[in-house]
Amino acid sequence: MERVIKGIHYKTKQPVEITLDNGLIAEIESNPALKSEKTIAPGLVDLQINGFRGVDFNEEELQESDVVKITEYLWQEGVTSYYPTLITNSDSAVCTALETIVSACEKDIYINKTILGIHLEGPFLSLEDGPRGAHPLKYVKAPDWNLFCKWQKLAKGKIKMITLSPEWPEAIAFIKQCVASGVIAAIGHTAASSEQIKEAVLAGARVSTHLGNASHATLPRHANYIWEQLAAEDLWATIIADGFHLPKSILSVFVKVKGEKCVLVSDATRFAGLPSGSYSSHIGGEIELNDDGKLFIKDNPNMLAGSAQSLCWCVDHLVNSEIATLSTALDMASIKVQQLLGEKGAMGLEKNAIADVIVFERTNNKINILKTIKAGKVVYTR
Ligand SMILES: [Zn+2]
């Protein structure tokens with residue numbers, strides 16, 4: 001079915017008409033006569049989503065309908081591709097979640113196209129308090145390729161990314177096996193030495209997961225895992241640019257140093273998209289989401305309880321903090337992410353690219369998604 005969308009190209013700032021056909025962008029033509037307040041940009045891609053609006057991939061009772069719900073919520077936020085993220089949990093809980101996600105994908109072609117892969121964040125992480133973050137200690141363990149293969153079989157190959165800590169002696173062989181099987185190995189929740197980080201990168205670790213978060217409160221000033229990951233030129237970085245996880249100066253430095261290899265993730269929890277107020281969490285106890293959008297432990301407001309914001313919010317934050325222009329921030333949440341994954345979507349708004357497109361207005365320094373198109377199909381209209 002052919003469809004034409006009209007608006008301002010997010011990068012060239014020129015009025016354009018984009019013709020979609022058969023799931024692809026068939027044509028982009030400039031139309032100088034067109035007057036529009038709407039901007040057209042590539043669909044957003046989020047590699048780290050734990051849940052959204054009250055639903056959590058890590059909840060024991062996860063249903064296929066929950067997977068559909070989260071996907072629909074994310075379409076409303078302009079996300080056209082994402083990786084459901086499973087955190088450290090028992091073997092059986094991981095198995096059940098993988099089966100549920102995969103089975104939801106098998107029942108709906110657009111859910112399947114949107115869930116590009118699954119991100120396992122754990123359980124092969126640091127045992128240390130601080131780097132481990134909120135991951136439950138009792139399930140953290142050394143990298144185990146046989147266990148991973150069992151999960152990958154249940155996931156029918158859909159696990160595309162695993163975050164692990166290179167401080168385990170087993171990590172280097174594990175990373176090499178990931179690379180050989182086409183799974184992205186990410187460094188995160190780590191207390192690794194500089195040497196161990198270097199070895200992991202040499203073995204093929206491709207990305208740092210939410211660089212600068214999940215670390216010790218204090219670090220040696222020179223030899224530490226943050227400098228080492230910043231210095232590793234082959235290493236991409238994902239950052240949580242919600243305005244709470246990293247202060248502006250650090251965001252600014254990470255974006256400058258990583259340059260073309262810096263991408264945004266939301267790391268959204270099930271509290272994202274909910275109204276402000278008090279909630280209880282299975283891992284954090286009593287937590288509070290305040291009017292500014294910060295999610296924290298009620299008894300200890302300095303302790304974050306995860307992210308409650310979408311990728312769109314993070315794009316706005318980078319722009320409003322004057323760390324990136326709107327088009328650069330959008331790229332960091334869309335085509336740059338696809339580049340990291342080596343996906344075809346890296347083409348963005350170009351002829352013959354997959355038609356993953358968003359249309360939005362930006363008022364009061366905030367993106368308002370008007371339309372989301374996934375592989376040529378309108379999956380959300382405001
Ligand atoms: Zn994490």
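How many salt bridges does the count come to in this predicted model? The count comes to 14 salt bridges.

**View 1. Eight strands form an open sheet.** The strand order is β5-β8-β9-β10-β11-β12-β13-β14, and the pairing is parallel. β5 (44–49) and β14 (262–264) are the edge strands; each has a single partner strand, so one side of each lacks a neighbour in the sheet. Helix α1 (residues 64–76) packs on the sheet and touches β5 and β8 (79–87). The directions of α1 and β8 make about 135 degrees. Helix α4 (residues 145–154) also packs on the sheet, touching β9 (118–121) and β10 (159–164). Its direction makes about 150 degrees with that of β10.

**View 2. Strands β12 and β13 run parallel.** Two bridges join β12 (residues 207–208) to β13 (residues 236–239). Trp236 in β13 is the bridge partner of Val207.

**View 3. Lys351 and Glu27 form a salt bridge.** Their closest N and O atoms are 3.6 Å apart. Lys351 sits in the loop between α11 (335–341) and β19 (357–363), and Glu27 in strand β3 (residues 24–30), 324 residues apart. Lys351 is partly exposed at 45% relative accessible area; Glu27 is partly exposed at 30%.

**View 4. Lys156 meets Glu106 in a salt bridge.** The N to O distance is 2.9 Å. Lys156 lies in the loop between α4 and β10 and Glu106 in helix α2 (residues 91–107), so the pair ties together parts 50 residues apart in sequence. Both residues are exposed.

**View 5. Asp316 meets Arg362 in a salt bridge.** The N to O distance is 2.9 Å. Asp316 belongs to helix α9 (residues 311–320) and Arg362 to strand β19, 46 residues apart. Asp316 is buried, with 6% relative accessible area, whereas Arg362 is partly exposed at 27%.

Methods: Residues are numbered from 1 along each chain as its sequence is written. This is a predicted model: local features need pLDDT of at least 70, side-chain atom pairs count only at pLDDT 80 or more; totals for chains, interfaces and linings use all residues. Side-chain values use heavy atoms; hydrogens and water are left out. Two strands pair if DSSP finds at least two bridges between them. Helices (H or I, at least four residues) and strands (E, at least two) are DSSP runs, numbered from the N terminus. Contact means heavy atoms within 4.5 Å. Axes are lines fitted to C-alpha atoms, for helices over the stretch in contact, and angles run from 0 to 180 degrees between N-to-C directions. A salt bridge is a side-chain nitrogen of Lys or Arg within 4 Å of a carboxyl oxygen of Asp or Glu. Buried means under 20% relative accessible area, exposed over 50%, partly exposed in between (1.4 Å probe, protein chains only).
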